[in-house]
Amino acid sequence: MLKSANMPNPLLPICISGLRLIRGDRAVLAGVNLTIDEPGITVLMGPNGAGKSLLLRSLHGLITPDQGRINLGSLTVADSRTEQAMVFQQPVLLRRTVLQNLAFAAPKTAKTDRQRLIQALESVNLLDRADQPARMLSGGEQQRLALVRALLGEPALLILDEATASLDPASVLLIESLVKTQNVQGTKIILVSHDQGQARRLADEIVFISNGQVAEQSPADRFFTEPRTPEAKAYLAGEIVV
Ligand SMILES: Nc1ncnc2c1ncn2[C@@H]1O[C@H](COP(=O)(O)OP(=O)(O)OP(=O)(O)O)[C@@H](O)[C@H]1O
Ligand SMILES: [Mg+2]
């Protein structure tokens, strides 16, 4: 668990080598080699079906790849689970109130600390919803709750898979601001986004995935001005990439 932004992140570097995942008769991850060693925000981009979600699910330990290795710092995926959090495009909330969802997920120290839970709800403008059933929140409200719940444990790594897709602009900016603050406080952020505006606002580096492989890994400013691969050029130009 992170205590300070000045401490080295225990889950870095993230080293992924030779990662293969077969689904049906196809390698949907076809030998992914990727090293992420910078503490900033890494944005995964790439066309639909490229393998972004499967890669992040493998990193989070939700899928066991058929071949290859993942290390996070000196840890395996299994040993790093408690230091990681993931937020999905469709938030997974319990059939409880908003506040209970937070309390249930909070680490023991925070669980008893009602004040901390209240502050967390306030930070995403959900305090007035505290006693409502969480599943009756709107999509954007649920997403804000899922994010603040993920952050309560102060994870060393936060993974977001299209967590702001279909949210209104104010909710998107609120979530982006929370993500940036959390990164400054020491949490490594890896997120998937198809939103080029968002990627430009947030990314320190871009990892471009195509056909189950890493096609390109570049500092964000260079990726947007001089994408190196034809696939990335076509993607940024809005062409169909297969
Ligand atoms: N259980 C499965 N059986 C067969 N194919 C699968 C299975 N799960 C995923 N796939 C395929 O793996 C490929 C990669 O899926 P993935 O969800 O990682 O794509 P993605 O890059 O996240 O795309 P998107 O941008 O649409 O979210 C897709 O072509 C998908 O159809
Ligand atoms: Mg996906």
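Author: Start at the ligand. A polar side-chain atom of Ser-53 lies 2.8 Å from an oxygen atom of ligand 1. Keep in mind that this is a predicted model.

Reader: Which residues come nearest to ligand 1?

Author: There are 13 residues around ligand 1. Nearest come Arg-26, Gly-49, Lys-52, Ser-53 and His-194.

Reader: How far is the side chain of Asn-48 from an oxygen atom of ligand 1?

Author: An N or O atom in the Asn-48 side chain sits 2.9 Å from a ligand 1 oxygen. Ala-50 uses its backbone instead: an N or O atom there is 3.1 Å from an oxygen atom of ligand 1.

Reader: Now the helices. What describes two packed helices?

Author: Two values do it: the angle between the axes and the distance between the axes. Take helix 6 (residues 139-152) and helix 7 (residues 169-184). Their angle is about 10°, and their axes are 11 Å apart. Angles under 35 degrees count as roughly parallel, so helix 6 is roughly parallel to helix 7.

Reader: Which residues of helix 6 and helix 7 meet?

Author: From helix 6 come Gln-143, Arg-144, Leu-147 and Leu-151. Helix 7 brings Ser-171, Leu-174, Ile-175, Leu-178, Val-179 and Gln-182. Sorted by class, this contact has six nonpolar, three polar and one charged residues.

Reader: At what angle do helix 3 and helix 5 pack?

Author: Helix 3 (residues 98-105) and helix 5 (residues 114-123) pack at about 120°. Their axes are 10 Å apart. The two helices are therefore oblique to each other. The crossing of helix 3 past helix 5 is right-handed.

Reader: Which residues make the contact of helix 3 with helix 5?

Author: On helix 3, look for Val-98, Leu-99, Leu-102 and Ala-103. On helix 5, find Arg-114, Leu-117, Ala-120 and Leu-121. That contact divides into seven nonpolar, no polar and one charged.

Reader: Last topic: the backbone. Where is the cis peptide bond?

Author: The cis bond joins Leu-12 and Pro-13. Omega there is about -5°. Pro-13 belongs to the segment before strand 1 (14-23).

Reader: What is phi of Glu-162, and where does Glu-162 lie?

Author: Its phi is near 50°, a positive value in a residue other than glycine. Glu-162 is in the loop between strand 7 (157-161) and helix 7.

Reader: And what about phi of Asn-211?

Author: Asn-211 is not a glycine, yet has a positive phi of about 50°. Find Asn-211 in the loop between strand 9 (205-210) and strand 10 (213-219).

Terms used: Residues numbered from 1 in each chain as written. Chains lettered and ligands numbered in written order. Predicted model: local features only at pLDDT ≥ 70, side-chain atom pairs only at ≥ 80, totals over all residues. Heavy atoms only, no water. Axes fitted to C-alpha atoms, helices over the stretch in contact; angles between N-to-C directions. Helix = DSSP H or I, 4+ residues; strand = E, 2+ residues; numbered from the N terminus. Parallel < 35°, antiparallel > 145°, perpendicular 65-115°, else oblique. Left-handed = near helix turned anticlockwise from the far one by under 90°. Contact = heavy atoms within 4.5 Å. Nonpolar A, V, L, I, M, F, W, Y, C, P; charged D, E, K, R; others polar. Near = heavy atom within 4 Å. Polar contact = N/O pair within 3.5 Å; in protein donor to acceptor, adjacent residues only side chain to side chain.
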